[in-house]
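Here is a short briefing for a first look. Keep the sequence and the model open side by side while reading.

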Amino acid sequence: MTAVTNPAAAVPVPPATDPAFTPPSIGRRFGALVIDWVLCLLIARGFADPVRDGWPPVLVLILEYGFFLGLFAQTPGMFITRIRCVGWADGGRIGLVRALLRGLLLALVVPALIMDEHRRGLHDRLTGSVITDAPRPARP
């Protein structure tokens, strides 16, 4: 009797220990950020004028990242572009505190511009996170 392995049911390898890890393209990451930024502008417009006051959309972006990345590992923009943010060492969700810190550091812009070979910006390295491809839903 031979054992049949289901690769879809296999436990994913954390990005830090996966020699075959390939990060998503910069274009997909940027696309996700643009989508999230537009959503933040629309939400901020509900309580402030984003044209006159620049801080409300930034605050909404930080809170959006904290909430969505901390609980779901994806922002709405990441969901649309099929990427997610996970822990570098374990491949799991990064949690609310690290997600809020990541959002704050991302809002500073400069950390995102300095990347390593895995396309991890300073904001990713300081919070122990990485952007990966999101798994495709299983087909019945």
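The model is predicted.

**Leu-100 and its contacts**

- Leu-100 sits in helix α4, which covers residues 95-107.
- Which residues does Leu-100 touch, not counting those up to four places away in sequence? They are Ile-62, Leu-63 and Gly-66.
- The C-alpha atoms of Leu-100 and Gly-66 are separated by 4.0 Å. Along the chain, these two residues are 34 residues apart.

- Side chains of opposite charge can pair when their charged atoms come close.
- One of the salt bridges joins Arg-28 and Asp-133, at 2.8 Å from N to O.
- Arg-28 lies in helix α1 (residues 26-44) and Asp-133 in strand β2 (residues 129-133), so this pair ties together parts that are 105 residues apart in sequence.
- Arg-28 counts as partly exposed, at 28% relative accessibility.
- Asp-133 also counts as partly exposed, at 39% relative accessibility.

- Asp-124 forms a salt bridge with Arg-29, and their closest N and O atoms are 3.1 Å apart.
- Asp-124 lies in helix α6 (residues 122-127) and Arg-29 in helix α1, so the pair ties together parts that are 95 residues apart in sequence.
- Buried or exposed: which describes Asp-124 and Arg-29? Both are buried.
- Asp-124 also meets Arg-102 in a salt bridge, at 2.8 Å from N to O.
- That pair links distant parts of the chain, with Asp-124 in helix α6 and Arg-102 in helix α4, 22 residues apart.
- Arg-102 is buried, as is Asp-124.
- Through shared partners, salt bridges join Arg-29, Arg-102 and Asp-124 into one network.

**The largest nonpolar core**

- In soluble globular proteins, nonpolar side chains tend to be buried together.
- The largest nonpolar core here has 15 residues.
- Which of them touch the most other members? They are Tyr-65, Leu-69, Met-78, Ile-83, Cys-85, Ile-94 and Ile-131.
- At least two residues of this core come from each of α1, α2 (55-72), β1 (83-87) and α4.
- Helix α2 gives the most, with four residues.
- Leu-69 has contacts beyond its neighbours within four places in sequence, including Met-78, Cys-85 and Ile-94. Arg-102 is also in contact with Leu-69, and Arg-102 belongs to the salt-bridge network.

**Helix α2**

- The 18 residues of α2 should span 26 Å at 1.5 Å a residue. The end C-alpha atoms are 25 Å apart, which agrees.
- Just after α2, Ala-73 takes a positive phi of about 65°.

How values were computed:
Residues numbered from 1 in each chain as written. Predicted model: local features only at pLDDT ≥ 70, side-chain atom pairs only at ≥ 80, totals over all residues. Heavy atoms only, no water. Contact = heavy atoms within 4.5 Å. Salt bridge = Lys/Arg side-chain N within 4 Å of Asp/Glu carboxyl O. Buried < 20%, exposed > 50% of the residue type's maximum accessible area, 1.4 Å probe, protein only. Core = buried A, V, L, I, M, F, W, Y, C linked by side-chain atoms within 4.5 Å. Expected span 1.5 Å × (residues − 1).
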